[in-house]
Amino acid sequence: MKKQVKKIVFVGIIVVLLLLGWFILEQIIPDDESKGTIKILDLDPVDYSMVGIVEPGQTYQYFIGKLEPGEDAEEGAEPQYYFWDDGQFDQMDKYGYYEPYNMEKVFERLTSLTALELVDEAPEDYAQYGLDLESATVVVAEPYDYAEEAETVRVLIGDRNKIVSGEGYYCRVLSDETPEVYLIETLDAGTFLGGPAFFLSTEILPNFGTYYDEVRHITLTNRAGEVIKFSRFDSFKSDEVGELIYTNFYMTSPYSCYVNDDIIGTQMLEQFVNTQVAQVCAVAPTAEELTQYGFDNCATVEFNLVGGDLTYRIGTPNGPTAGVVYMMVDGFDTVYMCYGEAGYVDMNAMSFRSGLAWIHDIKLAGTLDIHTPSGDYTVVLDDTVDSGKGTGTWIAQITDHSTGVSAILSENNGRNLYADCISVKYDELVVSDEFPIIEDEPAYSMTLKYKDFDYTTKVSFYKVTSRQYAVLFDDDPIEKAGFTVNVVKLKEIAEDLRIIMDGGVIDD
């Protein structure tokens, strides 16, 4: 019996403790009203056709319209939304595309508007909250004519709350029956306070393709005003190598050279495509705003893509690595705020060039013509690998045109000769008025014809000093010469050819 009494007392204590804990939690945990679920409006969005927003002082008014699917519409059809302000900012060809998702939020957030808290049940002076008609933003929801039980609703949004951590805006429903002032979430208020910029799409970045294969040409004008132009190699098809995307880009201006694929990829195109376009921060910006966003000293990037041309201005008022950049797309009078880096705005032609003057895989080579001061040579190559069978063939022959003598090239000699041809490195000297080209004809040149498709490329070297030779590609005019290479490697190629024709072996 005593054990039973003790058990009952123990259970009773546990119950009391649980009740006490529940009471304490009730006091600590906010109720529904403090979670932002005080219902201010509870309307059916389907009943409403238009939301009009009037900025303070009646200076500007715009409308978000909605057309519900008709009776003949397909099942699951979505409403159609549109932005209209009588021609001021509703020109999509001038300001960009208005995003339906953002316009839908106007109806969703207004018709189910909730509050963080009730601030004042019946204030004597609404102006203290910025809720007088002269100071507040007025939001008007108009129902469809067929929604007979729905009424026009007017909501005023006033000042930002400066008391509770700056969260929320003061708000009231404009009618004699609803004098209360509420605090609504900043997110809800921002839907109606952001102006046209809130509704514009941020889908502005180009599609470069998996291997940048949508890109044809790029023109970068850096912040120093230097114009750098790039072109992308075409893609070739062959049974053996498939699609060739080997050296993606070469520079056509201000100088002629191959571009470092890593640099143009990771330090330019990847930075560009990985930019996060966050929001539109200015529509029809003023001159003062353009300066604020860094467009008085901006870089310009023009893309000639398979699908068309796009030009971007990149503003970096706090520097290219600050994490925030601003963009404008040519043709649209709109400024976009973006998260990302834009180190390319200060990159110059020197920083883009490849470390090597010539870059071509020996497996793609068919015929290589080499011109040196001591003679002209033709090398026929076939370095074929069957990746499926794990087998390959090596065939190479060299002809000295000054003697007419031809010889079979050993694999060692052939590979070492080709390696020396494609490992000619750039020097630091650049052609200038102080260091001009001093020859009318190239002292050295190499012309490569690809094995499996009709593609030929040529590189020529013109003397600038006794040690530096300027580089030109294909049929580029002489004024495109800028970067130079050291003659040591060129002389090594000439020495390789002499050794081969004398029956010797080139050192690795």
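Which residue stands opposite Val485 in β30? The residue is Tyr469. The structure is a predicted model, in which local features need pLDDT of at least 70 and side-chain atom pairs count only at pLDDT 80 or more, while totals for chains, interfaces and linings use all residues. Residues are numbered from 1 along each chain as its sequence is written, and side-chain values use heavy atoms, with hydrogens and water left out.

Strand β30 covers residues 483–486; strands (E, at least two residues) and helices (H or I, at least four residues) are DSSP runs, numbered from the N terminus. Strand β29 (residues 468–473) is joined to β30 by 3 bridges, and the two run antiparallel. Strand β26 (residues 426–430) is also antiparallel to β30, with 2 bridges between them. Two strands are taken to pair if DSSP finds at least two bridges between them. Within β30, Phe483 is the bridge partner of Val430.

Thr484 is found in β30. Thr484 counts as buried because its relative accessibility is 0%; buried means under 20% relative accessible area, exposed over 50%, and partly exposed in between (1.4 Å probe, protein chains only). The side chain of Thr484 reaches the backbone oxygen of Leu429 at 2.7 Å. Apart from neighbours within four places in sequence, Thr484 is in contact (heavy atoms within 4.5 Å) with residues including Tyr426, Asp427, Leu429, Tyr469 and Val471.

Elsewhere, 9 strands form an open sheet with antiparallel pairing, in the order β16-β15-β12-β11-β18-β19-β20-β21-β17. The edge strands, β16 (257–258) and β17 (276–283), each pair on one side only. Strands β11 (residues 215–221) and β18 (residues 299–305) run antiparallel and are joined by 6 bridges. Glu302 in β18 stands opposite Thr219.

A search of the whole structure finds 2 cavities of 30 Å³ or more. On a 1 Å grid over the protein atoms alone, a cavity is a set of points where a 1.4 Å probe fits but cannot get out, and lining residues have an atom within 4 Å of a point. Grid points are joined across faces, edges and corners, and a volume is the space filled by probe spheres set on the points. The second largest cavity has a volume of about 40 Å³. Its lining includes Ile370, His371, Tyr444, Phe461 and Leu490. At least two lining residues of this second largest cavity come from each of β22 (365–372), β27 (444–450) and α9 (487–501). By class, the lining has 6 nonpolar, 3 polar and no charged residues; Ala, Val, Leu, Ile, Met, Phe, Trp, Tyr, Cys and Pro count as nonpolar, Asp, Glu, Lys and Arg as charged, and the others, Gly among them, as polar.

Technical notes
1 Å grid on protein atoms, 1.4 Å probe; cavity = no way out; pocket = protein on both sides within 12 Å on 5 of 7 lines; lining within 4 Å. Polar contact = N/O pair within 3.5 Å; in protein donor to acceptor, adjacent residues only side chain to side chain.
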